[in-house]
Amino acid sequence: MATQTKKTATTDAQNLLDLQGYQDVLKTIANMNERMASITIQAGTRATDVSSEAAKEAFANVRDLTGVRDEPAEYGKAFTEFAQKQTELFTRTVQAFATDMQKASSETSDLASKAGEEITTKVTKSAESAAQKVKTAASKAA
């Protein structure tokens, strides 16, 4: 019968840990965080671009509206054109935001799904490895 000492018990316990497995899981999580940040930054950059373009166009529309007209009736026509341009601008801007948000949402969902599968696989592998080590240690102790 094998005698378990404090030193051999500590060594056996340390051998049960699969540090590489834990490192792989943490690396997967870090990679997921990096990709998630990239998706967020791309979405934020695109939202800023859309807002900037919309603001420039809106200012151009105001410039057109405030121009001097020769006939009083032209002011009514200018206001009608301004309202139409602003409505079209609003519609395009909302559509661009919606498209970008849908894309970011889809990418985030795909990323989370793939990362979940990868983490599950790695955790399962680590657990199986630990179980095998426990079984081996138990048979040696018997």
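Predicted model: local features only at pLDDT ≥ 70, side-chain atom pairs only at ≥ 80, totals over all residues.
A salt bridge is a side-chain nitrogen of Lys or Arg within 4 Å of a carboxyl oxygen of Asp or Glu. Asp-64 and Lys-85 form one, with their closest N and O atoms 3.3 Å apart.

Residues are numbered from 1 along each chain as its sequence is written, and side-chain values use heavy atoms, with hydrogens and water left out.

**Confidence**

- The predictor's confidence in each residue is given as pLDDT, from 0 to 100.
- The protein chain has an average pLDDT of 87, and 84% of the residues score at least 70.
- Helices (H or I, at least four residues) and strands (E, at least two) are DSSP runs, numbered from the N terminus.
- Among the elements of the protein chain, the lowest mean pLDDT, 63, belongs to helix H1 (residues 6-16), and the highest, 93, to H2.

- Arg-46 and Asp-100 form a salt bridge through their side chains, at 3.2 Å from N to O.
- This pair links distant parts of the chain, 54 residues apart: Arg-46 is in helix H2 (residues 19-65) and Asp-100 in helix H3 (residues 72-141).
- Buried means under 20% relative accessible area, exposed means over 50%, and partly exposed lies in between (1.4 Å probe, protein chains only).
- Asp-100 is buried, at 14% relative accessibility, whereas Arg-46 is partly exposed, at 33%.
- The salt bridge of Asp-64 with Lys-85 has its closest N and O atoms 3.3 Å apart.
- Asp-64 lies in helix H2 and Lys-85 in helix H3, so this pair ties together parts that are 21 residues apart in sequence.
- Asp-64 is partly exposed, with a relative accessible area of 42%, and Lys-85 is partly exposed, at 32%.

- Glu-118 and Lys-122 form a salt bridge, their closest N and O atoms being 3.2 Å apart.
- Both residues lie in helix H3, four residues apart, which is about one turn of the helix.
- Glu-118 is partly exposed, at 35% relative accessible area, and Lys-122 counts as partly exposed, at 25%.

- Asn-61 lies in helix H2 and is buried, at 6% relative accessibility.
- Not counting residues up to four places away in sequence, Asn-61 touches Phe-82, Lys-85, Gln-86 and Leu-89, where contact means heavy atoms within 4.5 Å.
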